[in-house]
Amino acid sequence: MCRALQKFSRSFAMCLLAVGLVSVVGSSALQAQQSALEDIFVVRDVGLDESAQTASAARANALVKGQREAFARLEARLTRSVHRGLAASIDSDTLRFLVDAIQIDAEKTSDVRYLANLTVTFKPDAVRDLFRQSGVPFSELRSRPLTVVPVLATPARYLLWEDPNPWREAWRNHPEGTGLVPMLAPIGDLSDLAGLTVDQAVDGDPDVLARFAARYGARGVVVTIANIFEVSPGFLRSDIVSVPVGVPEMSPFSISVAGQEGESEFAIFARAVGEIRGIIEDEWKAASALTSGDIAQLRAAVPISDLKNWLDIRGRISRVPAVTDIQIVALTAMSAEIVINHRGDVARLTRAFERFDLILENTGLEQVNARPSGGSQAGLRALVTHVVRLAAD
């Protein structure tokens with residue numbers, strides 16, 4: 001039996017070597033995750049509109065300004081608001097080095113004017129190096145979506161599914177954005193009405209809200225309760241309280257949005273949506289950002305059932321942005337022991353693994369040296385401190 005198991009293990013290991021240990025797992029979910037990671041460094045829909053003495057001069061100026069604008073948008077996507085400023089300060093040579101490719105669409109020219117739409121693809125490693133050398137914390141890990149529950153507080157009662165609810169409409173009409181935290185507005189169909197009442201939303205019922213989030217494929221819910229009132233003739237203001245449920249990196253927060261003279265409630269609510277999105281993005285980046293290029297290391301066991309299962313798990317680990325390298329220490333028919341080199345602390349790595357449907361669990365063991373009684377250095381070893389498994393297991 002032992003020989004049979006050893007033979008199977010050897011065959012298993014040889015099969016792994018035959019596929020180079022870097023095979024792309026043919027699952028649509030992994031391909032979608034990889035595509036999403038690559039897409040983070042692509043900035044689309046940069047509008048170009050420049051005038052000069054000639055059309056060619058206008059085009060050249062527009063492309064330079066467009067690439068800088070694209071990097072400013074990328075910087076806003078990857079960094080917190082308090083850490084921004086690189087886009088305005090880097091020189092033109094550095095900017096050109098960061099750009100991998102550009103795509104120009106919808107070009108229109110006259111004798112002195114140039115209009116177009118620009119897509120810029122940046123080099124991920126070059127951008128990462130620039131942030132690290134500049135000491136700027138950044139995150140490239142996209143969160144699972146959050147579902148927004150927009151409750152409107154009126155003098156008489158709370159409104160959620162009833163019409164009119166301009167606060168709900170503001171969320172439905174606001175573009176989802178291109179940040180790291182997708183936010184989904186509820187449809188408001190019969191299933192929504194049956195699954196969540198306004199009282200359950202205001203009370204923050206965790207079980208009901210968890211089921212509501214699951215309906216939208218979201219990891220959690222943000223209940224946003226907004227009012228709107230006139231502070232003086234022609235001037236409106238909205239006070240909004242946002243309460244995250246199932247979102248451990250976030251705490252409740254509140255904002256006030258004061259309207260300009262004659263500004264409508266729809267315009268005020270639209271600005272409020274943008275401010276709330278910005279706060280949520282900043283909280284996610286604070287929780288997942290990498291502050292340096294220092295490499296840490298942990299030793300983990302990976303329970304496996306067969307070759308396909310191992311390749312699936314290994315493929316997911318390799319796609320985690322914080323992971324720089326995976327070393328295989330031991331391999332059997334039922335488990336693998338690996339060393340994971342990564343950037344950032346283990347808490348951030350754990351959150352990153354969750355994005356790829358992986359669970360990283362601490363075994364409770366510390367890295368220790370086990371030395372035989374004779375004092376030989378040959379007995380030094382490191383204990384497995386973590387277990388990696390699929391979330392569905």
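The paragraphs below treat strand pairing, then aromatic contacts.

This is a predicted model, in which local features need pLDDT of at least 70 and side-chain atom pairs count only at pLDDT 80 or more, while totals for chains, interfaces and linings use all residues. Residues are numbered from 1 along each chain as its sequence is written, and side-chain values use heavy atoms, with hydrogens and water left out.

Helices (H or I, at least four residues) and strands (E, at least two) are DSSP runs numbered from the N terminus, and two strands pair if DSSP finds at least two bridges between them. Strand β13 (residues 335–343) runs antiparallel to β11 (residues 295–303), to which nine bridges join it, with Ile295 standing opposite Arg343 of β13. Seven bridges join β13 to β12 (residues 323–331), again in an antiparallel arrangement, and here Ile326 has Ile340 as its bridge partner. Three residues lie between β12 and β13, which form a hairpin.

Rings of Phe, Tyr and Trp (its six-membered ring) pair if their centres lie within 6.5 Å, and planes under 30 degrees apart count as stacked, over 60 as edge-to-face and the rest as tilted. Seven aromatic pairs are found in a search of the whole structure. In the pair of Trp167 and Phe269, the centres are 5.0 Å apart and the planes stand at 50°, so the pair is tilted. Because Trp167 belongs to helix α7 (residues 166–173) and Phe269 to helix α11 (residues 265–288), the pair ties together parts that are 102 residues apart in sequence. Elsewhere, Phe71, Phe122, Phe131 and Phe138 form one aromatic cluster.
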